[in-house]
Amino acid sequence: MLLLERETELALAAACLRRATAGHGSLLLVEGPLGTGRSSFLEALPEQAPGGRITVLRAQASSSERRLAFGVVDQLVESAACAAATAESGRARRPCDYAHREPAGDRVSLSDVLDAVPGEGTVLVLVDDLHWCDAESLAELSKGLAGRHDRRVVFAMSLPSGVVPAAGSVLRGLVDAADRRVRLGPLGPEAVRRSVEAALGGSADAEFVAAVRVRSAGSPLLLRSLLDEAYSRGLRPRARGAELARTLRSDVLCQYLTAFLRSQPDALRRTVHALCVLGGDADRRVAALLAGLDAAGYAEAVGALRRWGLGRPGDEEYGTLLWDALADGVPADELTDMRNRAAVLLHRTGHSVEAAAGQLMSVHTLRAPGAAGILRAAADRALARGAPRDAARYLRQALLDGSCTGPLRARVLTDLAVAERQFATVAALRHVVEALPLFESALDRAAAAVQLGPLLYQPSESGIAALTGDLAAQLRTRGGEDAAAAELTMRLEARHYALSAQDPAVVPAALRRLGELGARPPVRTVGERELLAALIHIAFVTNKASAERVADLGASLMALEPPDPRHAHTPLPLAVNALAAAENTAETVRWLDAVDRRVGQNADAETAVLRAERAMVALSHGRIAEARRTVVPTGAAEEAQARASALCTAVHAIVTLRSDEPELAEGLLTGNLCHHRDQYHAALLHMARGLLAARRRHDRIALHHFRTAGERLERIGWSNPAVLPWSSRAALVHLRLGEQDRALAAARLEVERARAWGAPSAQGRALVALGRVTPGRRGTNLLAEAVSVLERSTNADELCRALYAYGSREGVDGRRAGRALERARELSVLCGADRMTRLIREQIGRRPAVSGQAPELTPSEARVARLAAAGLHNADIARELQVSKRMIERYLTNAYRKLDISGRHALPPDVGAR
């Protein structure tokens, strides 16, 4: 294998042998980097002699025998003796005998040994690894070479290209005396292919051969080691084995290279080890310091590596296997020590802190001074570039530092919680709980506790609600004017209230706290905004503040809140949800867009919360399909995080309920298991099961689930129908069961509560239910009122459902019903409510066709059209009617379509007049 592609070099050697036959001897020097097959080349030279008439004298120099005087010459003498014995001649024995006489001055010269060789053929003297030759033998070789040109002798000696003989030395004189030089290099692709097929059998796939060539770079030594390992594993040269071939390592090669380094100067060995630790692109100053060398010594060592054919890590021309084997040969304890020292050197010389930390990540024992500090700094850098998983890896390693105890360990645990809260919230909670007792002050404990994101946990987990409340109480006892303590106290309060929103014992205190803040609560600091967000949420779900009041408070809060993805780890998303329920989302949408632009690629928890917020905003506009697309996770990691979060599970369930997919909602809620301890989740689950039962006409079962959902919410004081309209659902089932009075009572309860809340979508939805259960013209008027109320809403889906109920009502004028259904159909398509679209089309198909005058404008459309015809701009009309600009545009679009005109300029002055 090793002599493939050596035809040119062998031809040169054969020419030297032919000239020697004619009495013209020469010195052939065989050079090449480590592992290029110099020894094998020498062994092949006797076969190149013409006619086979040749006597071969062999000597192998080695580092272990370098101090043995005449060691190499003695090997040549013994070869001569063997040749004499073979020729059955005693004349050649005399040099062998003389060689061992003492003193050394009685030795026979190498020239006499050559003359004593029997036969008339050519003599071939082979000396391998000339650089290890002892001084005495070098001198004899130098003398023996003097008369070579007049003898039938060829001296063939090998010398690694990594050896540079000192000027004026005997070795330098031998090298300079060479008549011919042969330099061996790596094998080409064809030779590699043939070697693979010879070693592993069969025809080799190109992909496998390419992998072997990259791994070995065509070096005969590396190639042989690699193929021996492949053979021992039974690897066949097929494409599917290419990936494994790229990772094969060789213990035999590792041992060979380790022995080679032991034979070299210590500076070379230390340089190799330093480069194994730092990599090929290492800073020369750092590498020199790690190797314990000055700049000149390091440069000399690097030059020697290049001459030896070792290069440096990462150099493709030397193969990937070489430095893997060199690295495998570094003793484990030395490697640990060097990596610790490398981390300190990199950090002190101004290199990337993550590069320094990378060294510490590869050791089992942290010995570097300040290792925990380096790893914490690297974690901060990783978080800054949006890589929380990398940050968590650094911090877990920091915990292995033996000096990482007490408050330092607490800080590392807190940092780890900050990193892991983005993708492993349960683990993050455990870290904070473990850290709190290690802090020495209440202020430090509070600073750690506020890192917990209340929306990503359940109140029952590790007693976190009580924990935050206790810490807030501890800080209040400090008194004084400590601004930091006051800020942390508010942030802890915010988390306590957010986590205790389902605790009837805490809710009254939260509402009192909101009252204490006054009509215009302060929102200048982070703590003030977080506290207000939690209190707004409780006021919203308990229906103790109107939609107008919630919208006012929420808007003031969001106006000063910077758009930061990390708000997911605070109570602030609760304010976004409350604003969506209050139908005040114009500024919120812009704020969420700004947050979206700042979210990192690996921030699973932050992305999941942002998607939940966007979904709730989309639902407030009735954009069902958009909400459905938004809330669905885009990857496995994000999906796992979303499922682990109570908030995200609840929002996903709400979206599927609104998209008429209760079976999906049931699966989400039962999979999360929050319903076992979370009353709201339990209510959502009962709502989903009630809708499924109602769809199957299991009315008693459906009624039981709807009532149970209501009981769950009443138990915790959540009475806002915008949270979950269970009562209207129960009313419709009562009606189907013939229980008119109970149906009316349930529907009126929701209307009463919806009017207290005040948002048009909640009021319109409740009025639709009441209209459907109320008989006669009164019921029809209630449905018409619902449509009118929902015309002021941003929720196109609820308007669609109200128009469908009105258009399907018996007794409604045919033209009015037809127009209502047609508009409901358009809205259902716009919203992406597929099931509603099918129901509306079926209802339209059942009604008789109505011909006659063009569709009439609704009161809201007529009012907007009149103002537009009078010259007012959309923004002016929106301010006057106190609705959104988007709603004005929708009214005008409907008006243009019904009037069959192209735009505002064609509106008649008396438009909408009756």
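How many helices and strands does the protein chain have? The protein chain of this predicted model contains 47 helices and five strands, where helices (H or I, at least four residues) and strands (E, at least two) are DSSP runs numbered from the N terminus. The radius of gyration, taken over C-alpha atoms, is 44 Å, well over the 29 Å that the globule rule gives for 914 residues, so the chain is more spread out than a compact globule; that rule is 2.2 Å times the number of residues to the power 0.38. Along the principal axes, the C-alpha atoms fill a box of roughly 140 × 75 × 55 Å.

Residues are numbered from 1 along each chain as its sequence is written. Local features need pLDDT of at least 70 and side-chain atom pairs count only at pLDDT 80 or more, while totals for chains, interfaces and linings use all residues, and side-chain values use heavy atoms, with hydrogens and water left out.

Of the 914 residues, 56% are buried, that is, under 20% relative accessible area (1.4 Å probe, protein chains only). Contacts are heavy atoms within 4.5 Å; among those between residues at least 6 apart in sequence, 70% join residues at least 24 apart.

On a 1 Å grid over the protein atoms alone, a cavity is a set of points where a 1.4 Å probe fits but cannot get out, and a pocket is an open set with protein on both sides within 12 Å along at least five of seven lines; lining residues have an atom within 4 Å of a point. A volume is the space filled by probe spheres set on the points, which are joined across faces, edges and corners.

The second largest pocket holds about 910 Å³. Its lining comprises 29 residues, with E583, N584, Q882, V883 and S884 nearest the centre.

The largest cavity has a volume of about 80 Å³, and 13 residues line it, of which S719, P721, L724, W726 and R753 lie nearest its centre. Two or more lining residues come from each of α38 (726-736) and α39 (740-757), and α39 gives the most, with three.

W726 is also one of the buried residues of α38, which include A730 and V733. The cover over these buried residues includes α36 (679-695), α37 (699-715), α39 and α40. After α38 comes G738, with a positive phi near 80°.

Notes. Buried < 20%, exposed > 50% of the residue type's maximum accessible area, 1.4 Å probe, protein only.
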